[in-house]
Amino acid sequence: SAFGKAVVARQAAAASNTTTIATASKVPRSQYASVRSMSTMDTMESGTKTYMSLYPEGSTDGGLRLGNIVPDFACDTTHGKWDSFHEWKKGKWAILFSHPADFTPVCTTEIGRLALKYDELNAMDCLLATLSVDPVKSHEEWLRDVVAHCENEIEVKFPIIGDPDRSISTAYGMIDPGTSDSQDLPLTIRAVFIVNPENKLMLALNYPACVGRNMDEIVRCVKALQLSYEKSIATPANWPHNHADIPLADGTRTTEFEGSVFLLPTVSEEEAKENYPDHMTCEVPSKIPYLRLVKASDVK
């Protein structure tokens, strides 16, 4: 089958194609033409800066967790060789999106749907790269199927990383180094890593091989993370479809807070009043003033 041929091709290529986990190297800026201006973290002292300090930059057991600096690596991609993932995304938000294998049904639809979101993510100043343990040559051949199968006209504008020696997949916890060598089909999980401009892991999603991902949710997550980073806020459940009708202290109800956000718990009352003077604290039985809502119009 085509699937079996892809596995054989991947294993054969592993001996000649290596992907190196590396420390960040000094790469000429001209090599990374897509890198533009750096995103800006909110300057509020008790806001994003303090909130991010609660997450350690490294783990004590080698696992990759939220807030950690993500591993850097050199690799081959469908857009050419990279000397450093960190340099490719320097000063940018980025998504690293893994798929289990080329020439598989769910992955084919995922790359197609992700291609439809590329321009929207690019407009949000967020880079995108995908990865599997297949070699780049396999990616290039498979992309013809991806484009042909998608019901929309698409162009796959983002790079796909080849990881035939499985070093990136291992470093990011997508594959078990103790068992992958003995597996006939060492599938990576369906993983999504969203990384901020400081190379810190802000969100990770793990899906099994049998369940495809929702690209609308991934875009929503990027929007929420960027807003939190830039405005020292947190997005409620189902944001931006939240708080459409809420009670006020005087017993009336309002729809003015639809799509609103919360101030981060670390934001001091002084800075809350200074930066968001119109925020509203929701009354709850505990009397603890932690539900501090800010209208959507105040964080645009």
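A: Let us begin with a term: a strand is a DSSP run of type E with at least two residues, and strands are numbered from the N terminus. Phe 262, for instance, lies in strand 12, which covers residues 261–263. Please keep in mind that this is a predicted model.

Q: Is Phe 262 buried or exposed?
A: Phe 262 counts as buried, because its relative accessibility is 16% and the cut-off for buried is under 20%.

Q: Which residues does Phe 262 touch, leaving out those up to four places away in sequence?
A: Phe 262 touches Ile 233, Ala 234, Pro 236, His 243, Leu 291, Arg 292 and Leu 293. Take Pro 236 as an example: 26 residues separate it from Phe 262 along the chain, yet the C-alpha atoms of the two are 7.0 Å apart.

Q: How many bridges join strand 9 to strand 12?
A: There are 2 bridges between strand 9 and strand 12, and the two strands run antiparallel. Within this pairing, Ile 233 has Leu 263 of strand 12 as its bridge partner.

Q: Let us zoom out. How many helices and strands are in the chain?
A: The chain has 8 helices and 14 strands. It consists of 300 residues, of which 48% count as buried. Its accessible surface comes to about 14700 Å², and 53% of that belongs to carbon and sulfur atoms.

Q: And what share of the contacts with a separation of 6 or more comes from residues 24 or more positions apart?
A: Such residues account for 71% of those contacts.

Q: Which strands is strand 2 joined to by bridges?
A: Strand 3, residues 80–82, is joined to strand 2 by 3 bridges, and the two run antiparallel. Here Cys 75 has Trp 82 in strand 3 as its bridge partner, and a hairpin of 2 residues leads from strand 2 to strand 3. Strand 6, residues 160–162, also runs antiparallel to strand 2 and is joined to it by 2 bridges. In that pairing, Asp 76 stands opposite Gly 162.

Q: What about strand 7 and strand 8: how many residues lie between them in their hairpin?
A: There are 5 residues between strand 7 and strand 8, and Asn 199 in the turn has a positive phi of about 65 degrees. Strand 7 (residues 190–195) and strand 8 (residues 201–207) run antiparallel and are joined by 6 bridges. Ile 194 stands opposite Leu 203 in strand 8.

Q: Which peptide bond is cis?
A: The bond from Trp 239 to Pro 240 is cis, with omega near 10 degrees. Pro 240 lies in the loop between strand 9 (233–234) and strand 10 (246–247).

Q: One last topic: how much space lies in the largest pocket?
A: The largest pocket holds about 390 Å³ of space. It is lined by 19 residues, and the closest to its centre are Tyr 51, Tyr 55, Met 202, Leu 225 and Ser 228.

Q: Which element supplies the largest share of that lining?
A: Helix 7 supplies the largest share, with 6 residues. At least two residues each come from helix 2 (48–53), strand 8, helix 7 (215–231) and strand 9. By class, the lining has 14 nonpolar, 4 polar and 1 charged residues.

Note on methods
Residues numbered from 1 in each chain as written. Predicted model: local features only at pLDDT ≥ 70, side-chain atom pairs only at ≥ 80, totals over all residues. Heavy atoms only, no water. Helix = DSSP H or I, 4+ residues; strand = E, 2+ residues; numbered from the N terminus. Buried < 20%, exposed > 50% of the residue type's maximum accessible area, 1.4 Å probe, protein only. Contact = heavy atoms within 4.5 Å. Pairing = 2+ DSSP bridges. Areas by Shrake-Rupley, 256 points an atom, 1.4 Å probe, with all protein chains shown as cover. 1 Å grid on protein atoms, 1.4 Å probe; cavity = no way out; pocket = protein on both sides within 12 Å on 5 of 7 lines; lining within 4 Å. Points joined across faces, edges and corners; volume = space filled by probe spheres on them. Nonpolar A, V, L, I, M, F, W, Y, C, P; charged D, E, K, R; others polar.
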